[in-house]
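My notes follow in the order in which I took them.

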Amino acid sequence: MSVQPVPLRFRVGFRRRPGTLGSAWRQPLAIAGMVLAGLWLIVVIFVPLIAPYDPLAQSSQLFSEPSTAHLFGTDELGRDVFSRVLWGSRLSLPLAFFLVVMAVVVGAVLGGLAGYFGGWVDEVIMRSTDLVFAFPTIILAMAVTAALGPSLRNAVLAVLVVFWPSYARVVRGLVMSLGEADYVSASRLLGASSRRALLVDVLPNVAGPVMVLATLDLGNAVLLLAGLSFLGLGAQPPTPEWGSMVNTGTQFFQRWWMGTFPGFAILSVVLAFNFLGDSLRDALDPRSSWAVQGRDR
Amino acid sequence: MSPLLSVSGLRVRLPTASGPVTVVDGVDYEVERGQVFGIAGESGSGKTISVLALLGLLPSGAEVGGSARFDGKELLTLDRRSLREIRGKEIAMVFQDPMTSLHPMMTIEQQLTEHMRYHLGLDAKHARARAAGLLHEVSIPDPTGALGAYPHQLSGGMRQRIAIAIALACGPRLLIADEPTTALDVTVQAGILRLLDRLRRQSGLAVIMITHDLGVMSSIADWLSVMYAGRIVESGPTGAVLDRPRHPYTAGLLAALPHPEAAEDTPLVSISGAPPNPQARPAGCSFHPRCKHAIESCASEVPDLLQVSDSRRLACPVDPLLVPA
Amino acid sequence: MLTELVPGDPAAANLGQRAIGDPAAVQAFREHYGLDKPLPVQYGLYLQHLVTGDLGESEQSHRPVRTDLSEYVPATAELAITSILIAYVLGITLGVVAAVRRNRLTDQLLRVISLSGISMPTFWLALVALYVFFFKLGWVPGSGRLDPGLLPAAHVTGLYTVDALLSGQFDVMANAFHHLILPAFVLAAYNIGLLTRFTRSAVLEVINNDYVLAARAKGLPERTVVLRHVLRAALPPIITVGGLAFANVMTGTVLVESIFSWPGIGQYAFHSATTLDLPAIMGVSLFVAVVYIVVNFTVDILYGVVDPRIRVA
């Protein structure tokens, strides 16, 4: 009953039932992401129990190569790199979460206001986002951190400045398009107040794209923070921040273990977030769904 | 003379999220040279899939069975290269919506000439001249101007004429038209049908006309096959079938057509129920749940398409002499 | 469209919405610099100078920032252009392959690879690449644009490879290429991942369209169908990403030029930032922003070239 190989052409089935998250988690990618993220979560929580040494403790064993005593070797002040990498997770991960949550909140509020009220509110907010978008991210972040003074706190602020506009735009666009949507009008006709309409009708629809963006931004936040610290504009020594550790690694180039392992940590965390975000997007975006149906032809 | 196209026992199964589904369930027909062969049916009847199968244009994972002999060649087992030789050159296709079947970013000239140059080996200059000629044939007012245009700059009727020109570019012997007028205004439809009719009379082109519109069918098709749930239920000369349908489904379709002379308060007749989903077709005759004349065996035995007179085939065991109400 | 978001820098989601060259945006941009200046007078003077092309003097080099920039820009330009070319060629190819082999092993593999590409810290990649390919394998030189002792060809564009080509000095050209390769690839890594994903989704959007089926029905070989019909229709969003790709490269150069001892504006920006050389920071930011606007503008024009439906009559 079979035929010669046919050119690949799918009539992709129409919308899946929205929110079929169940199937997403079965994908190998999502699982890998969850495992990785889970491992790091364990590290973040239990690092005082796991890390063999105090991350700030200096010793006389400078620049020693990876060994059983020091899994990742030691750095220029004899500190155990492994412990420093583990402790660094307590900076990068929580900060990244904090950043994204704040950016989403700030952006969503501002974007929601802009979309809902329009007029000069919209103008002001939109011009601000234009401003931010006019610069490649790191230039702007750099400028802000340099102006405010290099510290981890200012780096976080800079990243926040750079991240919020995307959410503002997304939310604004959705609010504006949904404002015209029939079911919102229906809800208001039934007497619901504006605020209720906003919360109950608009919010759930906005959540989807925002969630996808946020999950992927988690990775970006880690990268940007690490990047700023790498440039010396973020965390200052002796804080065991991954980016600044790579920076030190660059200075002592031949001691490859000093820069490689912290960088690997960054990579694995961002990878985990991106795996998760990608699987999430697949689950929420019907067009990449797999269902092929023998359509009515 | 042997028929140009002879299809027998054509079956198509498509992969779906819930397993393979038989979309076309045993189809037999012949198309003679110069004939307009109509296939009528609703959505879900499998009419489009059955013709896509002829050209090997089904989604990957599709399974095809049966036979389709075109000019002596068995299409369903042809190798890829030979199939490519036939597509566009011997058998060509016109799709329903020219806004989506023409490439939005290529000029008309490019779309007209690319397969001409591939199949016929023409150089740019000759292909262009031939393209202009084709546009003239399909009554496009300014052929040279149209060549440089993009699809979005032209009207719907013109786009479909161009699609027809594209199909005819390499001189095929069989044209498959899948709902060619459905996406067009009624006023434009007539023009397209007249065009098709003229062209096939001029060149002896055979046409497979797929449509759900019986009015279109009656004006252009010589022979009519009615498809339901993946099978042909009735087939014969168009006039005869539409005048005196012998299958309950055909009769129902005709009865459902509003009559312009009927009294104002004549109720609209429709066939109760809906066409079955290909994944859940009833046992026995697929139409039996909706059929007023169903007998006991209809629920268990699939009626074969039988020759009931020398120009009529019917797949129904019930009293064949039904007249539309 | 919003759900087809680009992983990575979220600015991509909005490139199409932005009014490039919007006078209001540029105006706001100028005002921004005013906010940074402590004194209104300085602000006025700065703007005045800006209009005449004077960007002030670098506190570090004690030269006009403008001179500094003109010295460092060509090096980065060479790197950026090479990097973007590499990214586009590889990214589009891999993206098409992934789309055509959708959900098969190749696609899944490419998915992981492209996700890795956008997950890697560029500065770390530079370090590792340098260590492996220079230090351990010795395949590429470790720093600078040319071997010490080699002089660049007569200055036409400032791009060593191009200049050497123009003056027929093929040995210099080859050497410049040799130095260019590793940094260009490192900078391209993120964009390759980005473009693979973007191309894949753009192609998948298009591949089910009727005109693709119609092209096959014409009997055209599959490769023609994919390249001429599918890819062309998928091109507009892929081009739009160009602006974002450029931004990524700029970000990368800041992080990476010092590692490669590449004397470009990335390194300049880095040093100005760490030494808090305000005029220099301003100058670089301004310059990059202007270039960014120009790039986005070009991208918009290219979009119109590729998709005739949005050309202004």
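How many of the twelve residues of H5(A) are buried? I count a residue as buried if 20 or more other C-beta atoms lie within 10 Å of its own, as exposed if 12 or fewer do, and as partly exposed in between, with C-beta atoms placed from the backbone. Ten of the twelve are buried, so H5(A) is largely enclosed by the rest of the structure.

Before going on, I noted the ground rules. This is a predicted model, in which local features need pLDDT of at least 70 and side-chain atom pairs count only at pLDDT 80 or more, while totals for chains, interfaces and linings use all residues. Residues are numbered from 1 along each chain as its sequence is written, and chains are lettered from A and ligands numbered from 1 in the order in which they are written.

**Chain A, helix H5**

I took helices (H or I, at least four residues) and strands (E, at least two) as DSSP runs, numbered from the N terminus. H5(A) covers residues 137–148 and reaches 17 Å from its first C-alpha to its last. That is close to the 16 Å expected at 1.5 Å a residue, where the expected span is 1.5 Å times one less than the number of residues. I listed its buried residues, among them Thr137(A), Ile138(A), Leu140(A), Met142(A) and Val144(A). Just after the helix, Gly149(A) has a positive phi of about 105°.

**Chain A, Pro55**

I found Pro55(A) in the loop between helix H2 (28–50) and helix H3 (81–117) of chain A. Pro55(A) is buried, with 20 other C-beta atoms within 10 Å. Which residues does Pro55(A) touch, not counting residues up to four places away in sequence? They are Arg79(A), Ser83(A), Arg84(A), Trp87(A) and Pro240(A), where a contact needs C-beta atoms, placed from the backbone, within 7 Å. Arg84(A) is 29 residues from Pro55(A) along the chain, and their C-alpha atoms are separated by 4.7 Å.

**Chain C, overall**

I counted eleven helices and zero strands in chain C. Buried residues make up 51% of its 313 residues. Of the contacts in chain C with a separation of 6 or more, 71% join residues 24 or more positions apart.

**Chain C, H4 and H7**

I looked at helix H4 (residues 105–119) and helix H7 (residues 170–207) of chain C, whose axes come within 7 Å and cross at roughly 135°. Axes are lines fitted to C-alpha atoms, for helices over the stretch in contact, and angles run from 0 to 180 degrees between N-to-C directions. H4(C) and H7(C) are therefore oblique to each other; angles under 35 degrees count as roughly parallel, over 145 as roughly antiparallel, 65 to 115 as roughly perpendicular and the rest as oblique. Residues of H4(C) including Leu110(C), Leu115(C) and Ile118(C) meet residues of H7(C) including Ala189(C), Ile192(C) and Arg197(C). The residues of this contact divide into seven nonpolar, five polar and one charged. Among the buried residues of H4(C) I noted Leu110(C), Arg111(C) and Ser119(C). The 15 residues of H4(C) should span 21 Å, and its end C-alpha atoms are 21 Å apart, which agrees.

**Chain C, H5 and H9**

I found helix H5 (residues 122–136) and helix H9 (residues 222–256) of chain C packed at about 55°, with their axes 9 Å apart. That makes H5(C) oblique to H9(C). Thr122(C), Phe123(C) and Ala126(C) in H5(C) meet Gly252(C), Leu255(C) and Val256(C) in H9(C).

Note on methods:
Contact = placed C-beta atoms within 7 Å. Nonpolar A, V, L, I, M, F, W, Y, C, P; charged D, E, K, R; others polar.
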